[in-house]
Amino acid sequence: MSVRCEGSQHRGTAEKRRNMPRWARVRRIAACVTVLAFTCSSVAPALAYNFNTHQAMVDLAYQIMRAANHPDPVWRLGPNPLVPGGASVPPDWSEFLSDLSNAVLFWASQETGLPSDSCAPVAGTLMRELPVAPTEWWSRGPGSPCMDDKTFGPGEWGYAPGGILNHNDVVFMDPAFPGAGRFRDHTGAVLGWLGGNIDYNFDDTHMWYKPQSAAGLGVVKDFVDDAVDFALGAVFAPFICMFDWVDGEIDCWEDSKNAGDAANPGDDLEALIPGVGDESGSDWVGVWHYIQMGGQTDEFDDRPGYSLEDSGPGVGAIDMTLMILGDATGLSLNYDDSDGPKKYQISNGGDGHRDTDVRSKSDWQFLTFGHLTYEPVDNLAHYGWSQWRNGGATGWVGYPLHALGDAVAPHHVAGSPGWGHRPYEDAQEQRWLWTRLVREPGSGGSDDSAALQTVPAPGSNLYNLQKAYYTSVLLRAYEYRKWIKEWRASHPGNGNDVPVRDLVTLVAKNAYEYSMSTYASSGVPGWPFNDTSSVVYLADEGAAIKTYAQYPNNESMTRELIKEGAAATIAFLMSAPEARQ
Amino acid sequence: VSGQRSQRSLALSAATIASLITSLVVSFSVKTAAETETLIQCAERVRGEVRAQLDAGMPQAEADLVLQTRFAKECLGDPADPPSNATAFFVGALNREYHRLAYMFVMHKLNSSSYLGLVRDRSGKMKRARHDATYVDMFAQGDADGDFVPDRLDRCPGTKVNAVTTPDGCPDPKIAGPKAPADRDVRRALSYYRLDVTPACYDAPPPDVPQPLRLGYTSGRTAFKLAVVPVERDPEECPIYYEFNVTMVSMLGPGNPVYRGYVFKDSENTNGGSGPAVFEIPSTIDGASKYLFILADLFTGAQWRVRAVNGAGVASPWSTYEFQPTTVFAQP
């Protein structure tokens, strides 16, 4: 798939780029698809945690795995009962550490699964040995551009152990690998990239506009007042701009003009409209990335996925708006063009989890967008997992890794594209350095990626904070790992399988309960659910993001969710290799 | 107005349903020749055919229901397991209902809670229909009060329009007004998506057909003008949009027409409030429309037509095509 830096699907502006955290900006500028996809997405279904957050969480998990076996106790993570308040050492801790070590060796020795071209061979390269940052690897193909700068630098394409974890590279050398002495192990970044990249499976979802009226356009726009010169475009504008981010830019309008210009001469305008209506891209891929944990029942799966009629902590303003827009315009799923229904309806999963009551093409197409229940994200996890477990390339683990990230995204487990969904996730990306404690809580400073390179002095406050938090992630991973082992013991017929659907559902349940209890005690405005902020986001993105970025204790509350996600990711990465052996 | 309102509801007479089912049988037997159609092609074909029925006098509410039912029957279903006529009819009616409810919300005729209650009510009945094949069969035999409970199961057959009901068709106030987002927030969000339907147009009748009068370049070709006999707003607060199809005839022959569509709001009439309505395309135009001026010397005339669309998207039929053998605009 070729990806354009500027185009009709995503529109970036200086204003939007100003809203990006600087820690992410360097690679965003290079990675145009990443930049434009998630900064320009509307409040429509949307991506889950932004790409960088997805990637960074997996990378963090991997770096914590490495640090658990760090040879120097100063930089090693783990329970230390000698420290005041320190956790006691579980009885089988050494076994846990051994399993961690094996997992690190396993993943680092896997082929990247990344595409390659003549500019920078990537395929076949071990993750740890990846020699250079392959430029625009996400869009590799005949004729893809290759930039000159192939050297690593701070924060490039997501490689960022950060803080005390930087010592993973400085001190920890593993002679088992050829080229020992390299400073960097890029495995976490690659795995994170694979996880984040699931948001670019645009072909999962294709929508079209089913005509709603025999008589006319169905919806008439007031564009005409200022657009007399592009009147045909005015006719198309409702259908092209409807779900785009309308913030005063004229790009959407320009696009609709182009559509008008390209219209087939001689046809009635109304007859052209259905053909114009293919909708895919970042706004729609996410409909498969939800799992509603709020007690709703589902006809088709264990848990419902995206389902606007029962979304959120209650149907929100954006949820209802999307439903209305879908019915006003006839927006509907195009089954033949969409991969999602074929990929994410799981039959014969074999993991003890309830399989999908598979729906027919008719079922997927009969109703408009807002009245469908989409498959839950644990099914997405299983889809990729089953491919990888059966010998598939490394890239397939991106699915379960992505699902684990979504499972700790409050709006994805509540099931709402509203309730502050976009501003919350944008804010967490902005505040990532504070959330993961590369910067001290409450401190100022920029969000530049250079901060990741700072290694706090042993005994300093930041050192202690980081060590305590990363250790808490590790201890939580121990719990998840234990849960997986217990599942295996109770499912002897499944060997060393990993119950990814159960795992994602469990993580989502925990994240949901945490989110709801926090919301219940957060007062007004609520955290993490704030329905008004999604509406504000439509007019003033920055202001809406601030409601979260400046919310008291935002980072400490988010930290708990990230801990859950990173811990489950560690447990998954530990257990997955055993399923393939 | 009341007549329009009843047209929009889904209370269906047995005669209407019977004619729908008959048309389905006919259309589906014809459709076998088009089994390789894509979804879009199918939608375009069906829409064109239903539009012809509408132009021939079928009431709009009925035409819209036929459209949705035929979509379900011919376009949306799995060809290997096509839906029954009754199922297609139920799905068509339901989609029409969802559309109607959305429209009513936009038109301020429902608040957010009532809207959500009704949507959930209809979706609940869809779930029931999915698991009970006899439900759609009974529905096809009649649902006089339009509550999506078949008459045969309906213990309260006279339920008023827009009522949430129990499974046996009686009003159920307990679930009629669920917790919902604030009305103002939904309307504010809708405004950002520019779903700009004019509430004043709710239940407005279809506009009259405007008549083409003149079109052409002004002297010096500073603008291209189109003049029509305007149609009245009804009601006064409901704006009218004029949609033009214009094919410029060139000396290069019939294979090289310059076709454009134009839409103007009635407030853009440059001729004031009385007499013909005159709309202008300035020569400073950019984009593909600039060829209207670049190629002006080649044009020998124009074939054109116009229709009116009100602020709720209800359109008049098209005028007949007019041919004008000159491109000089003569003030009407």
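Student: Let me start with a detail: the charged end of which residue sits over the ring of W388(A)?
Tutor: The general idea is that a charge sits over a ring if NZ of Lys or CZ of Arg is within 6 Å of the ring centre and within 35 degrees of the ring normal. Here R580(A) has its charged end over the ring of W388(A), 4.3 Å from the ring centre.

Student: Before we go on, what should I know about the model itself?
Tutor: It is a predicted model, in which local features need pLDDT of at least 70 and side-chain atom pairs count only at pLDDT 80 or more, while totals for chains, interfaces and linings use all residues. Residues are numbered from 1 along each chain as its sequence is written, chains are lettered from A and ligands numbered from 1 in the order in which they are written, and side-chain values use heavy atoms, with hydrogens and water left out.

Student: How many helices and strands are there in chain A?
Tutor: Helices (H or I, at least four residues) and strands (E, at least two) are DSSP runs, numbered from the N terminus. Chain A has 24 helices and two strands. In chain B you'll find nine helices and seven strands.

Student: What share of chain A is buried?
Tutor: Buried means under 20% relative accessible area, exposed over 50%, and partly exposed in between (1.4 Å probe, protein chains only). Of the 581 residues in chain A, 67% are buried; for the 332 residues of chain B, the figure is 55%.

Student: And how do I read the contacts in chain A?
Tutor: A contact means heavy atoms within 4.5 Å. Take the contacts in chain A between residues at least 6 apart in sequence: 75% of them join residues at least 24 apart. In chain B, 65% of the contacts with a separation of 6 or more are between residues 24 or more positions apart.

Student: How many disulfides are there over all chains?
Tutor: A disulfide is a covalent bond between the sulfur atoms of two cysteines. The rule used here is a pair of cysteine sulfur atoms within 2.5 Å, and the count comes to two over all chains. One joins C42(B) and C75(B), with the sulfur atoms 2.1 Å apart. Its torsion about the S-S bond is -80°, a left-handed link. C42(B) lies in helix α3 (residues 39–55) and C75(B) in helix α4 (residues 60–76) of chain B, so the pair ties together parts that are 33 residues apart in sequence. Both C42(B) and C75(B) are buried.

Student: Why is the disulfide of C156(B) and C170(B) called right-handed?
Tutor: Because the torsion about the S-S bond of C156(B) and C170(B) is about 85°. Their sulfur atoms are 1.9 Å apart. Both cysteines lie in the loop between α7 (133–141) and α8 (183–192) of chain B, so the pair ties together parts that are 14 residues apart in sequence. C156(B) is partly exposed at 22% relative accessibility, whereas C170(B) is buried at 15%.

Student: How many aromatic pairs does the structure hold?
Tutor: A pair of aromatic rings is described by the distance of the centres and the angle of the planes. Rings of Phe, Tyr and Trp (its six-membered ring) pair if their centres lie within 6.5 Å; planes under 30 degrees apart count as stacked, over 60 as edge-to-face and the rest as tilted. There are 37 such pairs over all chains. One of them, W284(A) with F369(A), is edge-to-face, at 5.2 Å centre to centre and 90° between the planes.
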